[in-house]
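Subject: Structure handover

Hello,

Here is the structure I promised to pass on. Please open it first, then read my notes below.

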Amino acid sequence: MPYDREKSRSLPAPLTLEDVYRDHFDFVFRQAARLGGPAIDAEDAAQEVFMVVARKLETFDSSSLITTWLYGITLNVVRSLRRRARVRRLFELGEDKSDVAVRLLDRAEVVDAHRIAYEILDKIAPKKREVFILAEFEGLSCDEIAQLVGSKTETVWSRLHYARKEFAERLAHRTRKDKR
Amino acid sequence: VRTAWEEQPRARELVGRAAKLDIAPAPGARARVWQRLEQRRQLERERPERRRLGWAMFAAGAAFAAAIAAIFLPRTRTNEFTIASSSQPATLDLGGDGRVVAGPATRAHLLRSGRAVTLTLERGSLLAHVLPRIARAPFVIKTPAFSARVLGTVLRVVTHDDGTASIAVGHGAVEVTPNGRAPVIVHAGERWPASASDAPSAGELARMGRAHLEGTDAAALSPPAPTTPTATAPTTLSPRADASACADKRGEAAVTCWLDAADAAVGDPVRAESALYQAGFIRMHEMHDPAFALGIWERQRQRFPHGLLRDEAQTSIIDALVALKRTRAAEAEIADYLKLHPRGLRSAEMHFVRGTLLYSEDNSCRRAARELDVALARPAAPWAPRARAARAACRR
């Protein structure tokens, strides 16, 4: 579900961690789960995000959108957790995995599509992957994505184009491999 | 003008379906995360700013040194660290070894030497989910009163200020060696000493997480409700002392004895279920009669559909069906087990069994290889060499 931009625009700048947590926990959780995929635990990611919020809330510029600010933090936290998950895999220390799929066993085809999509996305470069997720899963426009990730709209267009191309190629390759 | 993406209907359809996954926090997640957040903030507040920076630099340096050491040192390195929880329980992920919830005011030391893990509990309580292990990589829990060798189970261990300690097993079995005495096996649903009354708190069980409890619940780890005044009887050395008569028998006599014990234990469902399981086990592994064993375990499952040993019964039924070459029935049971326990104690092994079944019936290897890959996520399992060999055969 895309986040409510109008609602977030009209919100007064929250002054306390409690306010931000109450109003935006679901948003942060969803973004963390979407961006991290099954490779990370969304609850852990949300906790890390709000730890950063607790430390940096004083520096938040209330003229900008709180969701944009939270999104930036979530993006960095998820990148860091994904790096950590790669290191854990490298040293065979086990993985922290999201239990999103486990909760949705009754919708097998959706869960299966989600799993396959993230298996493919995990092989795509992080910047292209993020843009793809925001455009295709969250339904954001390139202008909105550019604002969130701090890039030019043209750059976002380019990344999205190549991400889609790579996704389609990898899916086709996977289908061919399965048929063999 | 159609874009390149619009000409990829399969990819768009997949993404469209994946986007329908309605991601929402699990019930209680909001409160859980807030509680953990508050604990961490409290810890941060207690630390002075300058020291915090110093510790961050120290941690960064230590992490870098550890990463270098992990690359260059042999895998048999030893490392040790201390677990100390405040007034709140703390959860610790042991990587491939499992997960531990340390109760309030707990102090323990974790020592890893190669693949062996020793957890020494000085004070407090631990609720542990230890993943199945091979014999040469033991997981040992030490207390002032006993040491327990764990092969893969859910258990709770408590050390009191007076030096006494107790253990409760929720799943699987643990070999407990009291100081200066012979070892005893403590099975699922049993406690040592038998008079122990320690129970995990609801918070600890919640922290352990449903997937990590493997079908065990609070009832399995809590002491049974006292039914007679003799509930305060003195400590029993062997929790299965009354079953010793059957344990001494062999073959057909042992099976009959356990079946009789199951019928006799009318008011004690745990013991009756355990006796039935034992009878099936002997019939299968000592008398090599999978058909009879299957009948016993199916009877067990019918009589105790929600029993403590239901998972063991189901996996044993799968073993028996495989031995009887009833492939379709075995696959259906495996699918059922994996649906209920996607990350269960024996889920990797079930993927391995399914992979070998598929390999023997489907020479294309495609589906078999997928199952074996999932199974090999546990590369140290006893059956892993066979899984690797099957996987290699698939590649050829």
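This is a predicted model: local features need pLDDT of at least 70, side-chain atom pairs count only at pLDDT 80 or more; totals for chains, interfaces and linings use all residues.

A term to start with: two strands count as paired if DSSP finds at least two bridges between them.

**Strand S10 of chain B and its neighbours**

Strand S7 of chain B covers residues 146-150. S7(B) and S10(B) pair in the antiparallel sense, over five bridges. One residue pair to look at is Ser147(B), whose bridge partner in S10(B) is Thr177(B).

S10(B) itself covers residues 173-178. One face is covered: Val174(B), Val176(B) and Pro178(B).

Strand S11 of chain B, residues 184-187, is joined to S10(B) by four bridges. These two strands also run antiparallel. Ala173(B) stands opposite His187(B) of S11(B). What do S10(B) and S11(B) form? They form a hairpin, with five residues between them. Gly180(B) sits in the turn and has a positive phi of about 75 degrees.

**Helix H11 of chain B**

H11(B) runs over residues 310-323, 14 residues in total. From first C-alpha to last it reaches 20 Å, close to the 20 Å expected at 1.5 Å a residue. Is H11(B) largely enclosed or largely open? Ten of its 14 residues are buried, so H11(B) is largely enclosed by the rest of the structure. The buried residues include Asp311(B), Glu312(B), Ile317(B), Ile318(B) and Leu321(B). Just after the helix, Lys325(B) takes a positive phi of about 60 degrees.

**The two chains in outline**

Chain B has 15 helices and twelve strands. Of its 396 residues, 43% count as buried. For contacts in chain B with a separation of 6 or more, 48% come from residues 24 or more positions apart.

Chain A has nine helices and zero strands. Buried residues make up 48% of its 180 residues. Among chain A contacts between residues at least 6 apart in sequence, 72% join residues at least 24 apart.

**A helix pair in chain A**

Two packed helices are described by the angle between their axes and the distance between the axes. H6 (residues 108-121) and H7 (residues 126-137) of chain A give an example: their axes come within 11 Å and cross at roughly 150 degrees. H6(A) and H7(A) are therefore roughly antiparallel to each other. On the H6(A) side, the contact is made by Ala117(A), Tyr118(A) and Leu121(A). On the H7(A) side, Arg129(A), Phe132(A), Ile133(A) and Phe137(A) take part. By class, that contact has six nonpolar residues, no polar ones and one charged.

**Helix H9 of chain A**

H9(A) covers residues 153-179. At 1.5 Å a residue, its 27 residues should span 39 Å, and the end C-alpha atoms are 39 Å apart, which agrees. Its buried residues include Val156(A), Leu160(A), Phe167(A) and Leu171(A), with Arg159(A) and Glu166(A) also among them. What do the buried residues of H9(A) pack against? They pack against H6, H7 and H8 (142-149) of chain A, together with helix H1 (9-19) of chain B.

Best wishes

Note on methods
Residues are numbered from 1 along each chain as its sequence is written. Chains are lettered from A and ligands numbered from 1 in the order in which they are written. Side-chain values use heavy atoms; hydrogens and water are left out. Axes are lines fitted to C-alpha atoms, for helices over the stretch in contact, and angles run from 0 to 180 degrees between N-to-C directions. Angles under 35 degrees count as roughly parallel, over 145 as roughly antiparallel, 65 to 115 as roughly perpendicular and the rest as oblique. Contact means heavy atoms within 4.5 Å. Ala, Val, Leu, Ile, Met, Phe, Trp, Tyr, Cys and Pro count as nonpolar, Asp, Glu, Lys and Arg as charged, and the others, Gly among them, as polar. The expected span of a helix is 1.5 Å times one less than its number of residues. Buried means under 20% relative accessible area, exposed over 50%, partly exposed in between (1.4 Å probe, protein chains only).
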